[in-house]
Amino acid sequence: MSVAIVEAARSWIGTPYLHQASRKSVGCDCLGLLRGVWREVFGAEPEQVPIYTADWSEPQGDERLYRAAMRHMRRVDEAILAPGQVLLFRMREGAVAKHLGIVSAADPVPRFIHAYAGHGVCESPLSQPWRKRIVARFEISQG
(Lines give C-alpha, C1' and ligand atoms only; values in the text may rest on other atoms or scores of the structure.)
Protein backbone atom coordinates (compact mmCIF):
# COMPACT_ATOMS: atom_id res chain seq x y z
CA MET A 1 0.00 0.00 0.00
CA SER A 2 2.89 2.39 0.71
CA VAL A 3 3.97 2.25 -2.96
CA ALA A 4 0.48 3.28 -4.08
CA ILE A 5 0.45 6.17 -1.57
CA VAL A 6 3.83 7.48 -2.74
CA GLU A 7 2.92 7.11 -6.43
CA ALA A 8 -0.34 8.96 -5.87
CA ALA A 9 1.43 11.73 -3.92
CA ARG A 10 4.08 12.13 -6.63
CA SER A 11 1.34 12.55 -9.23
CA TRP A 12 0.32 15.75 -7.37
CA ILE A 13 3.77 17.38 -7.68
CA GLY A 14 3.42 20.72 -9.41
CA THR A 15 -0.13 21.33 -8.19
CA PRO A 16 -0.29 24.99 -7.10
CA TYR A 17 -0.88 25.92 -3.46
CA LEU A 18 -4.48 26.88 -2.74
CA HIS A 19 -5.75 27.05 0.84
CA GLN A 20 -8.53 24.51 1.59
CA ALA A 21 -8.47 23.04 -1.93
CA SER A 22 -7.82 19.38 -2.81
CA ARG A 23 -7.86 19.11 -6.61
CA LYS A 24 -4.86 17.71 -8.47
CA SER A 25 -3.34 20.15 -10.97
CA VAL A 26 -5.81 22.84 -9.83
CA GLY A 27 -4.77 23.56 -6.25
CA CYS A 28 -4.32 22.19 -2.75
CA ASP A 29 -2.79 22.85 0.62
CA CYS A 30 -1.01 20.21 2.72
CA LEU A 31 -4.27 18.73 4.01
CA GLY A 32 -5.73 18.87 0.51
CA LEU A 33 -2.80 16.81 -0.77
CA LEU A 34 -3.44 14.15 1.87
CA ARG A 35 -7.18 14.23 1.13
CA GLY A 36 -6.56 13.82 -2.60
CA VAL A 37 -4.12 10.95 -2.10
CA TRP A 38 -6.60 9.30 0.31
CA ARG A 39 -9.35 9.49 -2.32
CA GLU A 40 -7.10 8.07 -5.04
CA VAL A 41 -5.81 5.16 -2.96
CA PHE A 42 -8.62 4.37 -0.50
CA GLY A 43 -11.81 5.94 -1.86
CA ALA A 44 -14.09 8.25 0.10
CA GLU A 45 -12.58 10.49 2.74
CA PRO A 46 -13.35 9.37 6.31
CA GLU A 47 -15.08 12.63 7.26
CA GLN A 48 -16.06 15.94 5.73
CA VAL A 49 -13.43 18.57 6.43
CA PRO A 50 -14.84 21.71 8.03
CA ILE A 51 -13.71 25.16 6.96
CA TYR A 52 -10.37 25.98 8.57
CA THR A 53 -8.15 29.01 8.73
CA ALA A 54 -4.54 29.08 7.57
CA ASP A 55 -3.40 29.41 11.20
CA TRP A 56 -5.16 26.14 12.15
CA SER A 57 -6.61 27.67 15.32
CA GLU A 58 -3.12 28.47 16.54
CA PRO A 59 -4.19 31.54 18.57
CA GLN A 60 -6.62 29.32 20.50
CA GLY A 61 -4.06 26.52 20.93
CA ASP A 62 -6.54 24.09 19.35
CA GLU A 63 -4.87 20.93 17.98
CA ARG A 64 -7.54 20.31 15.30
CA LEU A 65 -5.22 18.72 12.77
CA TYR A 66 -3.53 16.47 15.34
CA ARG A 67 -6.90 15.22 16.65
CA ALA A 68 -8.11 14.46 13.12
CA ALA A 69 -4.90 12.53 12.39
CA MET A 70 -5.42 10.47 15.56
CA ARG A 71 -9.02 9.70 14.54
CA HIS A 72 -8.23 8.43 11.07
CA MET A 73 -4.70 7.08 11.06
CA ARG A 74 -2.54 4.82 13.21
CA ARG A 75 0.35 6.46 15.03
CA VAL A 76 3.65 4.65 14.47
CA ASP A 77 6.96 4.42 16.31
CA GLU A 78 8.95 7.60 15.90
CA ALA A 79 12.16 5.66 15.28
CA ILE A 80 10.80 4.12 12.09
CA LEU A 81 10.62 6.15 8.90
CA ALA A 82 8.99 4.44 5.92
CA PRO A 83 7.56 5.52 2.57
CA GLY A 84 3.84 6.24 2.69
CA GLN A 85 3.85 7.48 6.27
CA VAL A 86 2.15 10.78 7.02
CA LEU A 87 4.26 13.25 8.96
CA LEU A 88 2.67 15.89 11.18
CA PHE A 89 4.74 19.01 11.86
CA ARG A 90 4.79 21.90 14.34
CA MET A 91 6.23 24.85 12.48
CA ARG A 92 7.47 26.48 15.67
CA GLU A 93 8.02 25.39 19.26
CA GLY A 94 4.85 25.68 21.32
CA ALA A 95 2.62 26.15 18.27
CA VAL A 96 -0.13 23.80 17.17
CA ALA A 97 0.65 21.12 14.59
CA LYS A 98 -0.45 22.53 11.26
CA HIS A 99 1.54 20.97 8.44
CA LEU A 100 1.43 17.51 6.85
CA GLY A 101 3.66 15.63 4.46
CA ILE A 102 3.93 12.12 3.02
CA VAL A 103 7.25 10.26 3.25
CA SER A 104 8.39 9.40 -0.28
CA ALA A 105 11.78 7.85 0.51
CA ALA A 106 13.45 6.67 3.71
CA ASP A 107 16.91 5.62 2.51
CA PRO A 108 19.53 6.71 1.66
CA VAL A 109 18.20 10.30 1.64
CA PRO A 110 14.82 10.71 3.39
CA ARG A 111 12.34 12.79 1.39
CA PHE A 112 8.72 13.85 1.72
CA ILE A 113 5.99 15.31 -0.46
CA HIS A 114 4.02 18.28 0.82
CA ALA A 115 2.29 21.48 -0.25
CA TYR A 116 3.00 24.91 1.12
CA ALA A 117 2.43 28.53 0.19
CA GLY A 118 4.74 29.82 -2.50
CA HIS A 119 5.80 26.32 -3.58
CA GLY A 120 2.72 24.20 -4.23
CA VAL A 121 3.20 20.45 -4.09
CA CYS A 122 6.85 19.49 -4.09
CA GLU A 123 9.19 16.74 -2.93
CA SER A 124 11.73 17.95 -0.37
CA PRO A 125 14.61 16.41 1.54
CA LEU A 126 13.60 15.56 5.10
CA SER A 127 16.48 17.69 6.37
CA GLN A 128 17.26 18.33 10.02
CA PRO A 129 15.22 21.56 10.15
CA TRP A 130 12.17 19.61 8.97
CA ARG A 131 12.93 16.56 11.17
CA LYS A 132 13.03 18.64 14.35
CA ARG A 133 9.49 19.85 13.61
CA ILE A 134 7.94 16.36 13.36
CA VAL A 135 5.30 15.85 16.06
CA ALA A 136 4.07 12.42 15.02
CA ARG A 137 4.18 9.81 12.27
CA PHE A 138 1.11 7.96 11.06
CA GLU A 139 0.13 5.14 8.75
CA ILE A 140 -3.16 5.27 6.93
CA SER A 141 -5.07 2.18 8.00
CA GLN A 142 -8.42 1.14 6.66
CA GLY A 143 -10.79 -0.79 8.88
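How many disulfides does the structure hold? I looked, and the count is zero. I keep in mind that this is a predicted model.

**Entry: the cysteines**

I recalled what I was searching for. A disulfide is a covalent bond between the sulfur atoms of two cysteines. I then checked C28. Its closest cysteine sulfur is in C30, 8.7 Å away, and that is too far for a bond. The cut-off for a disulfide is 2.5 Å. C30 is likewise in no disulfide, with the sulfur of C28 as its nearest.

Are these cysteines buried or exposed? I found C28 buried, at a relative accessible area of 0%. C30 also counts as buried, at 7%.

**Entry: the overall fold**

I counted four helices and eight strands in the protein chain. I read their order along the sequence as α-β-β-α-α-β-β-β-β-β-α-β.

Next I looked up the dimensions. The C-alpha trace spans about 40 × 35 × 30 Å along its principal axes. For 143 residues, a compact globule would have a radius of gyration near 15 Å. The chain has 14 Å, which agrees.

I noted that 45% of the 143 residues count as buried. The chain exposes about 7,300 Å², and carbon and sulfur atoms supply 53% of that area. I also checked contacts between residues at least 6 apart in sequence. Of these, 55% join residues at least 24 apart.

**Entry: helix α1**

Which residues of α1 are buried? In this helix, residues 2–10, I listed I5, V6, A8 and A9. Seen down the axis, the buried residues fall within an arc of 165°, so they line one face of the helix. I then turned to the face away from the buried side. There I found the exposed residues V3 and E7.

I asked what covers the buried residues of α1. The cover includes α2 (30–42), β5 (97–105), β6 (111–116) and β8 (134–140).

**Entry: the nonpolar cores**

The largest nonpolar core has 29 residues. Within this core, V37, M73, L100 and I140 have the most contacts. I listed the elements that give two or more residues to it: α1, α2, α3 (64–72), β4 (86–90), β5, β6 and β8. Which element gives the largest share? I found that α2 does, with seven residues.

Leaving out residues up to four places away in sequence, I140 touches I5, L34, W38, F42, M73 and V86.

I also found a second, separate core of nine residues. Among them are F89, F112, L126 and W130.

Terms used. Residues are numbered from 1 along each chain as its sequence is written. This is a predicted model: local features need pLDDT of at least 70, side-chain atom pairs count only at pLDDT 80 or more; totals for chains, interfaces and linings use all residues. Side-chain values use heavy atoms; hydrogens and water are left out. Buried means under 20% relative accessible area, exposed over 50%, partly exposed in between (1.4 Å probe, protein chains only). The arc is that of the directions from the helix axis to the C-beta atoms. Contact means heavy atoms within 4.5 Å. A nonpolar core is a set of buried Ala, Val, Leu, Ile, Met, Phe, Trp, Tyr and Cys residues joined through side-chain atoms within 4.5 Å. The radius of gyration is taken over C-alpha atoms; the globule rule is 2.2 Å times the number of residues to the power 0.38. Accessible areas come from the Shrake-Rupley method with a 1.4 Å probe; for residues, only the protein chains shown count as cover.
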